[in-house]
Amino acid sequence: MKLMTTYSTQNYPVIVEHHAIDRLAEYTATYQHVFVFVDEHVNTHWSSKIQAMTQQQVTKTFELPAGEQVKTLRYYEQYIEQLLSFQPTRNTCLVAVGGGAVGDFVGFLAATLLRGVDFIQVPTTILAHDSSIGGKVGINATFGKNLIGAFHRPAAVLYDLDFLGSLPASEILSGYGEVYKHALLQGPKSVQTLEASYYDQPSLLKLENIEQHLIDGIQTKLDIVVNDEKERGQRQWLNLGHTFGHAVEYQTKIPHGHAVMIGIVYQMIVANALLDANHPVQHYFNYLKALGYPLEQLQNLTFEPLLKLMQQDKKNNQSGIRMVLLQAVGQPTVETVPVDVLEAAFNTIQTLGKE
Ligand SMILES: NC(=O)c1ccc[n+]([C@@H]2O[C@H](COP(=O)([O-])OP(=O)(O)OC[C@H]3O[C@@H](n4cnc5c(N)ncnc54)[C@H](O)[C@@H]3O)[C@@H](O)[C@H]2O)c1
């Protein structure tokens, strides 16, 4: 399946299929240098596939430390200097093979090498159906996540579904949080379809028909980022579940998408209180429980530290906690939420966890 962005210029294809990386040479043929960066775990699980891919027209292949640990200034310096030692021209392409961490890191190398060279995303996690689209790239600072970065569109996204076969259960759950988020932004039919396909953890871990759900999620994200690339308006909707989710992630160290799922339920409680929405919160809570998200973590939390973390979120302004809320499924809005509403919602979600 091939999707295409619809910007006025500089569009890129998103190929979603098994063996998609066999097509890499089609997209790299005209470059003078091609550097491939592979996440360490992906390299271990898929060594022969990676070798077959990098035999053609590749200047050098680098193995990167697995996951989030690579998104630092230290590794940035190390790899950008290594790239420069090849005396590359602007006619260079970097290829990122890995989850969102490798995509963000390599994308940032590409955005800054010689003031910008091309890069191709080869996402290998479910979450990366989200992160590989839209051109946000970057690394972490000691002051927080993703604070050093750029907007830099990829030249292509080759989503090879074979890679999903080696994902551990916790990464499947984490990525599914973002798939579910896209469905909630899309509308009730998308949510019902997802919940019918994946009704408990075993049915989710089989990943049956995941291709269609990923394509739907990618299409939802594409529609939003094409309208608002620099996050001045509707791109903020993609932060659904992230305000509370990031705070929970920071406090408990549970994986990102697990925390986002908890943040999604929290946001429903807030929307019911603030917007008179009518979300069946217990249904969503039970659904998360059936899928095996770590809801017991809620009992280890207290409100004040979470509030402090939410106040630090870089998307906040002075007037309060800005949050994406669903007026109804498929109807996102961004609102300023008073602290008393946030605290009451926290008490409610904790109580749900005790029942
Ligand atoms: N740029 C964006 O728009 C955007 C959006 C959302 C998230 N992100 C970023 O994405 C990152 C999270 O991405 P992620 O969830 O993909 O995590 P990740 O890239 O950290 O990968 C998670 C783990 O899975 C392993 N892994 C990756 N692919 C595998 C495979 N096929 N088989 C087995 N193991 C595999 C990795 O080695 C790592 O240990 C965060 O840094 C986040 O900030 C960026």
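Is G103 buried or exposed, and what is its relative accessibility?

Author: The model is a predicted one. In it, G103 has a relative accessibility of 2% and therefore counts as buried, since the cut-off for that class is under 20%. The residue is found in helix α5, which covers residues 100–112. Leaving aside neighbours within four places in sequence, G103 is in contact with A96, F119, Q121 and V137.

G103 also carries an annotation. In the unreviewed UniProt entry, "binding site" covers G100, A101, V102, G103, D104, T124, T125, K136 and K145. That label comes from the record, and such annotations may be inferred rather than shown by experiment.

Not counting residues up to four places away in sequence, T124 touches V42, V97, G98, G99, F163, L164 and L167.

The surroundings are as follows. The protein has 15 helices and 11 strands. Among contacts with a separation of 6 or more, 73% are between residues 24 or more positions apart. A compact globule of 355 residues would have a radius of gyration near 20 Å, and the protein agrees with this because its own value is 20 Å. Along the principal axes, the C-alpha atoms fill a box of roughly 60 × 40 × 40 Å. The accessible surface comes to about 15,100 Å², and carbon and sulfur atoms hold 48% of that surface. As for charge, the mean positions of the 25 positive and 34 negative charges are 6 Å apart.

Q10 has a phi near 55 degrees, a positive value in a residue other than glycine, and is found in the loop between β1 (2–4) and β2 (13–17). L207 also has a positive phi, near 55 degrees, and is likewise not a glycine; its place is in the loop between α9 (201–205) and α10 (210–227). Q10 counts as exposed because its relative accessibility is 60%, while L207 is buried, with a relative accessible area of 13%.

Notes: Residues are numbered from 1 along each chain as its sequence is written. This is a predicted model: local features need pLDDT of at least 70, side-chain atom pairs count only at pLDDT 80 or more; totals for chains, interfaces and linings use all residues. Side-chain values use heavy atoms; hydrogens and water are left out. Helices (H or I, at least four residues) and strands (E, at least two) are DSSP runs, numbered from the N terminus. Buried means under 20% relative accessible area, exposed over 50%, partly exposed in between (1.4 Å probe, protein chains only). The radius of gyration is taken over C-alpha atoms; the globule rule is 2.2 Å times the number of residues to the power 0.38. Contact means heavy atoms within 4.5 Å. Accessible areas come from the Shrake-Rupley method with a 1.4 Å probe; for residues, only the protein chains shown count as cover. Lys and Arg count as positive and Asp and Glu as negative; His and the chain ends are not counted. The place of a charge is taken as NZ of Lys, CZ of Arg, CG of Asp or CD of Glu.
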